[in-house]
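The sequence and structure come first.

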Amino acid sequence: ISTDARERVIAARHVIDDIISSKKIAYGINTGFGKFESTIIPPDQLEDLQTNLIRSHSAGVGSALKPHRARMMLALRVNVLCKGHSGIRLETLETLVEAFNRGVVPHIPVKGTVGASGDLAPLSHLALGLMGEGLLATLDNFTFRPAEIVLAQVGLRPIKLAAKEGLALINGTQFIASYGCEALVRARRLVAIADVVLGMTHEALMCTTTSLDRRIHQVRPHKGQQLVAQRLRSILNSERFPSGITRSHETCGRVQDAYSIRCAPQVHGISNDMVEWVYQILGLELNCATDNPLVFPGSALPHVISGGNFHGEYPAKALDVLAIAVHEIGNISERRTERLNNPALSRLPAFLVQQGGLNSGFMIAHCTAAALVSENKVLCHPASIDSISTSAAQEDHVSMGGFAARKALKVVENVETIIAIELLCACQGIDLLRPLRTTEPLEKVWTLVRKVSAPWTQDRNVSLDIESVASLIRSGAMWDVVREYIPEEARFDAPPAQPPHVLKSHL
């Protein structure tokens, strides 16, 4: 924790201590919560108030978060507390940091947040473990055990909450942010890799590159559309990287291709733009003060102010958008997989296999892609358009951001697999065009795939190949082999525009 952050935390805590010592009334410090806001709590029960808050709000259900997501929640909450608007004691904050550094894994059920007044249930479970109640695990032993035992094993004492501290630990959007950031990071990589896989399909189907002409995209200059077209021009046939496949059919008379090829810059392009918009929203959200009430030490205005920064509508809406954006990448990919497998739509054998009939090739792999696309269409129904009044109508509008985040990640996972299936089919299509060769960057992609998935000469368990190639996509290895060929401004990992008014992390 930086020196500046320590000073802010201490100053904010002084405000809380002054309220208690002067017997002023302030929400959540010496009053009940929600509908009980007008109930005054006597000084000798303030610690019980905070402890009871955590216990009663630990109402989550379902399986536990995976360790990396639970620890991301902890890290994100620490970052918010370091802003100095929460009123937490420095020693409590230091215990949270030590718990993270010593590999503590909180037990946090995945269901139970409506994404307003913070992710109350998930963050309460996080706090409950650090209080020595509930369950914890560690990075060297993922088995959840009684929290008090785990804390003793890592050399920490359970947190004993003082006034305002329980509330400080659970008002925020860190569950939404934990899932959402993972979905976003994987989505940014995936939409770029989808362009590379499109290039492989472009070659396997012996398509024309006329639709990538710069002039077309200059007169409809959406950023994402131009980005995708630029990526494709950099890896397809050119004077720098000639393609034997493309040059073999230059005089075939084909004028244009189906929309899933010809309109891909427009379709992939808007998905790229939507993903970058989500980056802007989440990049800001991660570094915001999301407590209620907020503490403003040294301000001429009231020091403790109730507001609504805990409401999850911003990340909820953004993650619903992310799901839709990434789904469309999978939607159009499945159409290209159909074209690769259908001999009426390609110049390739049915289902990309010799001795068809004896072998079924990629027939059912395409069915898997279709099934995942259909599943995603349901998952893309926005969670954030729903709201159910809770807490005796005190919380009469909620974001449902927790579910928006969980299903956005599921959509990304599904599309990683859909793109892997297209890539397998495209590589097989290129094999069937041998001895013709594609461009240098795409040959490198083919070589990488063939390290984990051999050419299809007779039927085998295709699910193993699908998972192996999906792992290449998730790992970033697929992008690494083409990155040097992509102009810097067209790389997904180029420094994006900074979110407006970024607040620095203080860890």
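The sections below treat the basis of the model, ring contacts and a sheet.

## Basis

The model is predicted; local features need pLDDT of at least 70, side-chain atom pairs count only at pLDDT 80 or more, and totals for chains, interfaces and linings use all residues. Residues are numbered from 1 along each chain as its sequence is written, and side-chain values use heavy atoms, with hydrogens and water left out.

## Aromatic pairs

Rings of Phe, Tyr and Trp (its six-membered ring) pair if their centres lie within 6.5 Å; planes under 30 degrees apart are stacked, over 60 edge-to-face, and the rest tilted. The count is four aromatic pairs. Among them, F241 and Y485 are edge-to-face, 5.2 Å centre to centre with 80° between the planes. F241 lies in the loop between α10 (223-235) and α11 (244-248) and Y485 in the segment after α19 (477-482), so the pair ties together parts 244 residues apart in sequence. Helices (H or I, at least four residues) and strands (E, at least two) are DSSP runs, numbered from the N terminus. Both F241 and Y485 are buried (under 20% relative accessible area, 1.4 Å probe, protein chains only; exposed is over 50%, partly exposed in between).

F362 and W456 form a tilted pair, at 5.0 Å and 50°, and both are buried.

## Sheet

Strands β2-β4-β5, in that order, form an open antiparallel sheet; strands pair if DSSP finds at least two bridges between them. β2 (104-106) and β5 (141-146) are the edges, each with a single partner strand, so one side of each has no neighbour in the sheet. β2 and β4 (residues 135-138) are joined over three bridges, and V104 has T138 of β4 as its bridge partner.
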